[in-house]
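Thanks for coming. I will talk through one structure today, piece by piece, and I will give each term its cut-off when it comes up.

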Amino acid sequence: MSVAESQPGPAGASAAPPARPPAARVENLSKVYGSGDTRVVALDDVTLDLHAGEFTAIMGRSGSGKSTLMHCAAGLDAATSGHVYLGDVDLTTLKERRLTELRRDRIGFVFQAFNLVPTLTAEENIVLPLAIAGRKPDQAWFDEVVDTVGLRTRLGHRPGELSGGQQQRVACARALVGRPDVVFADEPTGNLDSASGAEVLGFLRRSVDTHGQTVVMVTHDPGAASWTDRVVFLADGHVVGELREPTPEAVLDRMARLAESEA
Amino acid sequence: MLRATLRGILAHKVRLLLSGVAVVLGVAFVAGSYVFTDTLDRAFTGLTSGAVGDVIVRPGSADESGGGGGPLGAAAVRTVPEDLVTTLAGVPGAARADGRVTTFGTFVVDRQGKLVGGGGPPGIGVSYSSGPAANGTPSATLVSGRFPAAAGEIVLDATSAQRSGWRIGDTVPLLTAGAQPRIEATLVGTAEFGGSSLVGASVVMFDARQAQQLFLDGGTGWSTVWVTAAAGTTQDQLLRSVLAVLPEGFRADTGDATSARAATRIDEALSFVTTFLLVFAGVALTVGAFLIVNTFSILVAQRSRELALLRAIGASRRQVARSVLVEAGIVGFVGSALGVGLGVLLAIGIRAVFGRVGLDLGSTPLVLEGRTIVVALAVGVLVTVVSAYLPARRAGRVPPVAAMRDDAVLAEGGLRWRVAVGALLLLAGVVGIVGGLLGWGSEPTYVLGVGTFGVLVGTALLSPVLGRPVLGVLGALYRRAFGAVGRMAAQNARRNPRRTGATASALMIGVSLVTLMSVLGASAKASLDKSLAEDIVADYVVSSVVGQGFSAAITDAVEKVPGVEEVVRVRGARLEVAGDREFATGVDPAGVVRVARPDVTAGSLETLRDGDVALSTSQAADLGLTVGDAVTTTFAGAKVEGRVVATYEPDAVLQSDVTLTLGTFDELGVPPTDRTAFVVAQPGTDRPALKRALDATVADLPLVGVADQAEFAAEQRKPIDQLLFIVYALLGLAVVIAVLGIVNTLALSVVERVREIGLLRAVGLSRRQLRTMLRLESVAIAVLGAVLGVVLGLVFAVALQRSLADDGIDVLSVPWSQLVGFVALAAVVGVLAAVWPGRRAARLDVLRAIATE
C-alpha cells in the first residue's frame with residue numbers, strides 16, 4: 001500500500017453517516033473558566049455525537065471553544081457540567097488515574113507542535129504509550145503503520161534529526177499504533193507547509209477509510225477541513241452548524257456567513 | 001537595565017531560591033567558624049585573666065625560654081619557701097605577697113560516682129588565698145557559701161558544683177594526682193574563677209594548709225607566689241624590686257606578660273581550630289559554587305529569548321552580561337546577609353559537636369565580631385559573582401535574532417575545551433599532590449591542599465565524560481527494571497552532560513572527602529591495633545580515662561594485687577632537652593623492655609642511667625645528636641647532665657621523642673604522677689580473677705581504668721572515632737548543599753521540560769510513573785557523584801596513607817562495606833532529592849503544559 005496509489009481526493013470517498021453508535025459523545029457539556037468579573041464561558045451546553053469510523057473536523061474562530069471541546073472530549077480537561085462519553089464510559093466520573101490509563105489505552109493524540117519526546121528515537125516515540133503501559137506492540141500492525149507513514153528508514157532517528165513533516169508523521173504513527181477508539185488531532189498541520197500537511201491529512205483519511213479509525217480534528221484551515229467527512233462549526237461555545245462532505249469552498253462560505261452573523 | 005535585572009530576580013525568585021540557599025549555607029559556615037573560635041578565644045582569655053597576680057614568682061631560671069609554669073603549664077613539685085614570701089611582701093611597692101598552690105589532675109566525683117568533666121580540659125586544684133589577682137581583680141568570687149577555712153573543706157566552681165549535683169554541706173569525693181588518690185571533703189561554698197567560663201575545666205579550692213599537704217608533700221612551700229602591687233606602683237616597677245631580691249633558682253614575671261604569653265599560646269592553638277573549620281567552610285563554598293554556576297547556566301539557557309529581546313532592542317553584550325552579574329551579586333548579598341545570621345546558629349551547633357568531645361563552652365555568650373560580618377559578606381558575594389561569570393558571558397553571546405526564533409536554544413558548545421582544561425587541571429593537581437607528599441616547598445601542606453583542589457575541580461570539569469560509563473551502566477539497569485520510564489530517566493540524565501556533571505560533582509566533593517577520612521580512619525585504627533599488638537607485651541594497662549596523669553599511689557596499689565608479677569610505670573612531662581622543649585617519657589629502662597618491644601635503632605635502652613636520654617631517630621637527627629653525645633636536660637630551673645645512649649622509633653609505649661629514667665624525673669622535681677602503668681601477670685595466674693582484683697583496686701577511682709590488650713586498643717581507637725565524628729559532621733553541610741543542588745537541577749529541568757512532561761502525561765504517563773522517572777534521574781545523578789567521589793577519595797586516601805606510613809599509619813585498611821554504604825546512601829539521597837521536583841512535575845496542568853507557545 002503505497003502513499004501515491006491510494007491517495008484519496010480532498011472531497012473524500014465516504015458515503016452517508018454510518019449507522020454505528022457514536023465512538024464518543026458529549027452531552028450538555030459546559031466549561032466555565034474563572035469566576036466573577038473574569039468568568040468566561042468557553043462551552044455552553046454542547047451536545048455532540050462523534051461517529052465511529054468517521055473523520056470529523058471541529059472548526060471555529062479563536063475563542064470559539066473548539067480546543068476546549070476537544071480537550072474535554074479527550075479527557076485532558078474536566079467539564080464544569082455535563083457528560084463526556086468514550087464508548088459507554090463516562091469520563092466525568094473517572095478519577096485522575098483511570099483517566100490517564102484511558103488516554104493511554106483508548107485515545108490517540110496528534111498535537112500542533114512538540115509532539116515527540118526529544119530524547120527518544122522515532123520508533124521509541126511511536127510505541128511510547130504502549131511502552132508506558134508495559135505492553136508490546138503488535139508487530140504486523142506496527143510495520144503496517146510505519147510503512148503507511150513512510151518512516152521505515154527513519155526509525156532510529158531522534159526528533160531533532162527529522163523535518164517538521166516527518167515529526168508529525170511519527171506523531172500520527174504513535175496515535176494509530178495503539179488502535180485507539182478515537183484519535184484527537186489538534187491543528188496537526190498548523191506548523192507544516194502544504195505538501196507535508198497534505199501527507200499528514202492523507203494518513204488520517206486513510207486510517208479512517210481502510211481501518212475504520214475514528215478521527216476528530218480541530219482546525220481553522222478550510223483546506224484541511226475538506227479532507228473530513230463532517231465539519232462541526234463552533235462559535236461562542238455553541239455548536240452553530242455542520243457540513244457533510246465538505247469542500248474548501250463550502251467551508252469558506254459557511255465561515256464567512258458565520259462571521260457576518262456575529263458581526 | 002538595573003530595573004530589568006531587579007524584575008528578573010523577582011520573576012525567578014523560586015529558581016534563585018536554591019542557589020541563594022547554597023550561598024546562605026556556605027556563608028553560614030564561614031561566619032559560624034569565626035563566631036565559634038572567637039567565642040572559644042573569649043572563653044580561654046577569660047579563663048587566664050583571673051589566674052595571675054601582679055607579679056608571679058615561681059621556681060625556675062631567668063633564662064628559661066617562654067612558657068614554663070603559667071596557669072596552663074605543668075605544676076612544679078619544686079616550691080617557693082615561706083620565708084621568700086615574707087621577703088617579697090616587704091619589697092618596695094608591694095602591698096602584700098601570697099603563696100599559692102596550683103595543681104592539675106584533681107577531679108570531682110559526682111553523686112552517681114562518675115567523673116565531672118574530664119576528656120581534655122584539666123581538673124585544677126588550688127589553695128585559698130585572700131590576696132587579689134592582677135590589677136586588683138579578685139581571684140575568686142563566691143557565688144554561695146564561704147571560702148574553705150580548715151582542712152577537709154572545699155569550694156567548687158559553680159558549674160562543676162551544679163553538674164556534680166553536690167550541695168553545700170555534702171561530703172564530696174575527690175580524685176587527686178597527689179599521694180592520696182582519693183579523698184573526701186565537705187563542700188562549703190561555690191565560686192566563680194577568672195572569666196565567664198572554665199571551658200570544661202573544673203576547679204577545686206582547698207584550704208592552703210591542706211593543699212600543701214596533699215600536693216607539696218606537706219611542706220610549707222608554695223607552687224607560686226603572687227606579689228600584689230601597692231597603689232600607684234605599676235607591675236613593671238614591682239617586677240624590678242622583686243628581681244632585686246630574688247635568689248637563684250626562681251623567676252618572676254608580671255601578670256600582664258604572663259597573660260599575654262598565655263593569650264599568644266591560645267591564639268596559636270585557636271588559629272589551628274579556625275583553619276580547620278575554614279577548610280570545611282571552603283569545601284562547603286566550593287560545593288555551593290558548583291550549584292551557583294549550574295543555576296545561572298540553566299537560567300541563562302531558559303531565558304535566552306528574553307535576553308535576545310534585550311539585545312534586539314539595543315542592549316549591548318556587556319549590558320546583558322552585566323545584568324546577569326548584578327543579579328548574582330544581589331543573590332549573593334542577600335544570601336550572605338542571611339548566612340551571617342544562620343552562622344550564629346551554626347556556631348551553636350559546632351559548639352555542641354565540640355562539646356560532645358569534651359570542649360565544653362558552657363554559658364560563654366557567642367561573640368559576633370565586625371570582622372566576621374565583613375569577611376562573610378565579602379566571601380559570599382565574591383563566590384556568587386565569580387561563579388556567575390561564565391554563565392553571564394554566555395548570556396552576552398545570545399544573538400539578537402534568537403528573539404525571533406521559536407526554538408531559541410543556546411548551543412551547548414563542544415566539550416573539547418572543557419576536557420582539555422579539566423585534564424590539565426587534573427594533571428597539575430596530581431603533580432601538586434605528589435609534590436606535597438614529597439615535601440616540596442616551604443609549605444608542603446598547602447601544595448598538597450592546592451593539588452587536591454586541582455584534582456577535584458579537574459575531575460568536576462571532566463565529569464560529563466567520566467560520567468558516561470557510570471550512566472551507561474545505570475541506564476541499562478533502568479531499562480531492564482523500569483522499561484520505558486527507566487529508558488527516559490536514563491536519557492534525561494544524559495541529555496545535559498554538563499548539568500548532570502556539575503550537579504554530581506558537587507556531591508562528589510563531599511563524598512570524596514568522607515571516603516578519604518573513612519579510609520584514613522580505618523587505616524589509622526588498623527595501624528594502631530597492629531602497633532599495640534606488636535609493641536605491648538604487658539597483660540594489662542592501667543591508664544587515665546581523661547588522658548592525664550594519675551597518682552603514683554594507684555600504681556603502688558596495683559603492684560600489691562596478688563597475681564601481679566610486675567608493674568612498669570610510665571610518666572610524662574614537658575622538659576627542655578638540649579635547648580628544645582619536648583614532651584618526654586619517663587620509664588624504668590630495665591622494666592620497659594619486659595612489657596614492650598621498643599624499636600631501638602642505635603645504642604641500647606638498658607644502658608639508660610639517670611641523667612641520660614634516649615631520643616627518637618628523627619629528634620636525634622633534628623638536634624644533630626648521636627649516641628654518646630653529651631646532653632643537658634632542664635625542668636623548672638633544675639638541671640641534669642648526661643649522654644645520649646640510644647635512638648629508637650616511637651611506638652605505642654615510647655610515644656614521645658625523648659625518653660629518660662624515672663630517676664631523672666625525680667631529680668628534676670617532676671610531680672610524681674603516672675601516665676600509664678603496664679601490668680604483667682604471674683605465669684599461671686587465673687586471669688579473670690586477676691582482672692576482677694585489678695578492677696576492684698581502682699573501683700572507687702573513676703579517673704583510671706584497667707584494660708586488657710583488646711580493651712586498651714578499643715580505648716585508643718576512641719579518639720580516632722571522635723575525630724571522624726567531628727569531620728563527618730562538618731562535611732555533612734557540604735553534602736547537604738550538594739543535595740540541594742540535585743533538587744535545584746531537577747526543579748529547573750522540570751520547568752524546562754514542561755511541554756515534554758505535558759505531552760507524556762497526555763499520552764498516558766501516570767503521575768506515579770512521572771515521579772518514578774524523576775526519581776530515577778535523581779538517583780542516577782546522586783550515584784554518579786557518589787561513585788566518582790568514592791573512587792577519588794580512595795585515590796587520595798591511598799596516596800596519603802603511603803606518605804603517612806612513616807608516621808604510624810603503616811597499614812592500609814579500606815572499609816569496603818562502608819564505601820558501598822556511601823553509594824547506597826547517595827541513592828537514598830537521590831530519592832529524597834526528587835520528592836519536591838517530582839511533586840511539582842506531577843501537579844503540572846497537562847493542558848497548560850502542551851499549550852505553552
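This is a predicted model: local features need pLDDT of at least 70, side-chain atom pairs count only at pLDDT 80 or more; totals for chains, interfaces and linings use all residues.

Residues are numbered from 1 along each chain as its sequence is written, and chains are lettered from A and ligands numbered from 1 in the order in which they are written.

Start with the sheet. Helices (H or I, at least four residues) and strands (E, at least two) are DSSP runs, numbered from the N terminus. Two strands pair if DSSP finds at least two bridges between them. In chain A, six strands form an open sheet with mixed pairing, in the order β6-β7-β8-β3-β9-β10. Its edge strands, pairing on one side only, are β6 (107-110) and β10 (238-244) of chain A. From one strand to the next, the twist averages 20°.

Inside that sheet, β3 (residues 55-59) and β8 (residues 214-218) of chain A are paired in the parallel sense, over four bridges. A:Phe55 has A:Val215 as its bridge partner in β8(A). Helix α7 (residues 194-211) of chain A packs on the sheet and touches β3, β7 and β8 of chain A.

Now the two chains. Residues are in contact if their C-beta atoms, placed from the backbone, lie within 7 Å. By that rule, 22 residues of chain A are in contact with 19 residues of chain B. On the chain A side, α2(A) gives the largest share, five residues.

On to chain B. How are α12(B) and α13(B) placed relative to each other? Helix α12 (residues 444-495) and helix α13 (residues 497-535) of chain B pack at about 110°, with their axes 8 Å apart. Axes are lines fitted to C-alpha atoms, for helices over the stretch in contact, and angles run from 0 to 180 degrees between N-to-C directions. The two helices are therefore roughly perpendicular (65 to 115 degrees).

Last, helix α20 (residues 754-762) of chain B. Seven of its nine residues are buried, so α20(B) is largely enclosed by the rest of the structure. Buried means that 20 or more other C-beta atoms, placed from the backbone, lie within 10 Å of the residue's own. Among the buried ones are B:Ile757, B:Leu759 and B:Arg761. Just after α20(B), B:Gly764 has a positive phi of about 115°.

Conventions
Angles under 35 degrees count as roughly parallel, over 145 as roughly antiparallel, 65 to 115 as roughly perpendicular and the rest as oblique. A residue is buried if 20 or more other C-beta atoms lie within 10 Å of its own, exposed if 12 or fewer, and partly exposed in between; C-beta atoms are placed from the backbone. Two residues are in contact if their C-beta atoms, placed from the backbone, lie within 7 Å.
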